[in-house]
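Hi,

Here is the structure I promised to pass on to you. Have a look at it first, and then read on for what turned up in it.

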Amino acid sequence: MNKINLIIQREYTTRVKKKSFIIMTLLTPVLLAALIFIPGYLVTKEDNQTKVIAVIDKTNITQGAIPQTDYMKFEYVTGAEVETIKNNFDKSGYYAILYIPENVLVSSKVQLYSNQQTTVGVNEHIVKALDGFFTNIKLKNENVPLDIMQRIATNINVDTIQWTSTGEEKSGSAEIVLFIGYISGFLMYMFIFMFGAQVMRGVMEEKSNRIVEVIISSIKPFQLMMGKVVGIALVGLTQFVIWIALTFGIFYGTKYVLLEKSDSKPTTSVTANIMEKGNTGMAQAANTGKYEEMFKEISGKFSAVNFPLIIGCFLFFFIGGYLLYASLFASVGSAVDNDTDTQQFMLPITIPILLGLFVMMNAMQSPNSSIAVIFSLIPLTSPIVMMARVPYGVPYWQLGLSAFLLIITFMGTIWMAGKIYRTGILMYGKKVNYRELWKWLKYKN
Amino acid sequence: MNNFLTASNVVKQFANHLALDKVSIDVPEGSIFGLLGPNGAGKTTLIRIITQITAPDEGEVLFRGKKMTMEDVYHIGYLPEERGLYKKMKVGEQALYLVQLKGMSRTDGLKKLKYWFEKFEIQSWWDKKVEELSKGMAQKVQFIVTVLHDPKLLIFDEPFTGFDPINTNLVKNEILRLRDNGATIVFSTHIMASVEEICDHIALINKGKTILDGNIDQIRARFKPDTYELKFKGDAQTLRRALDSGIEILEEPTRGDVGHLILKQQRRMPVREMVTAINSTVDIISFEEVIPSMNDIFIRAVEGTNHQQ
């Protein structure tokens, strides 16, 4: 037992101390968060370059309908045609020409001319302003009173409420559940593949370094294999725990920076700001409000998610799925002499993992379809597929059955891998095929 | 027999061939035992069975009179033929790891490693990565790791490959010193000169069978061809006539002024009579019995069994 600990320790520390591990562990959550936040942030954020847009308004009623911002100015040009401005475009300094035709109320179309692709920010700003403006005009033309217009403005949000067998009601959000199912399923796929392949590479390294016989003269081959498998599993778990901690850390950190800081300002100064700076101040106040709402909404939705169950399931299915695949990977690593020989044995291992990934994509949309249920019970695919189903809630008997089958299977693959490994690591310079592996399985010792 | 290490009637069958066919060896305590044989004879398989890496199909291995178990491997220091180190790991760290696997505590291991590194004058390698070492340098580290935990039984599979003559000598002396300190040593090699120099006993294996074993001097005596090498001054013709009866001249290597003959003794003629006969005709410079080299014995024994089949 003492010896196995030594092996585990070496496998663990040499990997955890690697620069690539440290960088990946720390950077991935940051990158993930950036991937979610940055595109949204960039789109809504205006360019800091002032753009002047010429407006040719054939209706003559939109003056002031499009608000100016810090970086977007709208200049009404009367009596000019698009062609005339176009001809002098470079000298005029305009960014674009907005053409509002006379029949806009009927056609609902305006044109934005420019010599470059206009940004999404500009387009959205114009659409948003004109949408409201022309809707109001139409309503007015239909003689709808102003107070009714304000009262009928609606913004529908769906709160999904799920009741459990105990009759308790939980409100949740379909998107969040989908999102968590996807993330955890994908993470499972990545972990099993990544750390499984690490086991294989580790075994091959020991074999090609010729150190393996030195080691198994003091420890049984099976102990060496299991030490490696367990050591690398601990590396994976370490990474997972750090990622979870960092993700929550980043979420609450961002929340603090965006909310607490602006909250600390007294309300009066915010109002004063609005007075002084007009639009800008208003935008700022609106931003703070928007963030607050966003976070409230996100935390509200996440609070309905059963994180302890999901994390618990993830840990269990990761360990189970990993043991299953890592032992297969270990036996492949032991059977071959170099990377190129791994191909023929990798295929049958890769296919079920990929199948699991594809079924997972389906399962996160319809978690209780028969395909999703069956594949979340089959041990080769269950870790990945089950993770996509867990956030939706899975009957306990299915979780139990899936776990039971997984345990039985990984015990079987470990036993099998141990036999192949024992013979394989001492076999050099021999092209190994499946028939050969079958023979190794039958060797007594 | 109450030997230190005994393998009796060991059989190991691999898928397509019989690697060991009832091989028995007896290794007396405190001796250096040479395990010889051509490539593919089954030496490494036998060593792996002794070190408990694989199990025999039949037969058993006794260590100090008892059946060898996994516990006994901590009394074995084994330097395999296929040996290496983790390339990315530092030399000192790795040596410490390997001796800890042999059951030494960290502090003991560290102390002893320091001692051996100083002895081999390689202290400066401690923090180097293994990939920075040459093959011979890595071999030295492996040798140290093998003997560090003072094993009762040392098994070296081709210990001298990869060493230059200076280091070969260093290792050879170290092996002899270990034997003098009470260790029993089994080693397999192709270098027959080193067998003559350091082995007390040998076993020669060919095609999974022991074809020769025992004390090295007795074996060499057994293979004596009853020939003698004579160097003399005087007239070769007279000598020839005098040797006419009972002695056959096998070869006559000519080398300068000194007469040189290889003689074969016939009809069990006593050596004293041979010498008298020679002495009466020429001046003897030297007269000695030809003892076959291990190289000759190896080739003769192996070819002998190959022809039988």
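The largest nonpolar core in this predicted model has 162 residues. Those with the most contacts inside it are A:I215 and A:Y322 from chain A, and B:L5, B:I25, B:L153, B:F156 and B:I175 from chain B. The element that gives the most to this core is helix α13 of chain A (residues 307-335), with 15 residues. Apart from it lies another core, of 16 residues, including A:Y95, A:V104, A:V122 and A:F134.

Leaving out residues up to four places away in sequence, B:L5 touches B:I25, B:D26, B:V27, B:I50, B:V61, B:L62, B:F63, B:M68, B:L153 and B:V186.

Chain B also has an open sheet of 4 strands, in the order β12-β13-β11-β14, with antiparallel pairing. At its edges are β12 (247-251) and β14 (283-289), each pairing on one side only. On average, neighbouring strands are turned by 35 degrees against each other, direction ignored. Within the sheet, β11 (residues 227-233) and β13 (residues 259-265) of chain B are joined over 6 bridges in the antiparallel sense, and B:T227 has B:K264 in β13(B) as its bridge partner.

Two helices of chain B go with these strands. Helix α8 (residues 236-243) lies across β11, β12 and β13 and runs at about 145 degrees to β11(B). Helix α9 (residues 271-279) packs on the sheet, touching β11, β12, β13 and β14, and its direction makes about 155 degrees with that of β14(B).

Now for the rings. Over all chains, the structure holds 25 aromatic pairs. One of them is A:F316 with A:F317, edge-to-face at 5.2 Å centre to centre and with 85 degrees between the planes. A:F316 is partly exposed, at a relative accessible area of 32%, whereas A:F317 is buried, at 1%. The pair of A:F345 and A:Y434 counts as edge-to-face because the planes are at 70 degrees, with the ring centres 5.0 Å apart. This pair links distant parts of the chain, 89 residues apart: A:F345 is in helix α14 and A:Y434 in helix α18 of chain A. A:F345 is buried at 4% relative accessibility, and A:Y434 is partly exposed at 43%. Ring pairs also link A:F191, A:F195, A:F240, A:W243, A:F314, A:F318 and A:Y322 into a cluster.

Finally, a look at A:R10 and two rings of chain B: A:R10 lies over the face of B:Y86, at 3.5 Å from the ring centre, and its charged end sits over the ring of B:Y97, 5.6 Å from the centre.

Best wishes

Technical notes:
Residues are numbered from 1 along each chain as its sequence is written. Chains are lettered from A and ligands numbered from 1 in the order in which they are written. This is a predicted model: local features need pLDDT of at least 70, side-chain atom pairs count only at pLDDT 80 or more; totals for chains, interfaces and linings use all residues. Side-chain values use heavy atoms; hydrogens and water are left out. A nonpolar core is a set of buried Ala, Val, Leu, Ile, Met, Phe, Trp, Tyr and Cys residues joined through side-chain atoms within 4.5 Å. Buried means under 20% relative accessible area, exposed over 50%, partly exposed in between (1.4 Å probe, protein chains only). Contact means heavy atoms within 4.5 Å. Two strands pair if DSSP finds at least two bridges between them. Axes are lines fitted to C-alpha atoms, for helices over the stretch in contact, and angles run from 0 to 180 degrees between N-to-C directions. Rings of Phe, Tyr and Trp (its six-membered ring) pair if their centres lie within 6.5 Å; planes under 30 degrees apart count as stacked, over 60 as edge-to-face and the rest as tilted. A charge sits over a ring if NZ of Lys or CZ of Arg is within 6 Å of the ring centre and within 35 degrees of the ring normal.
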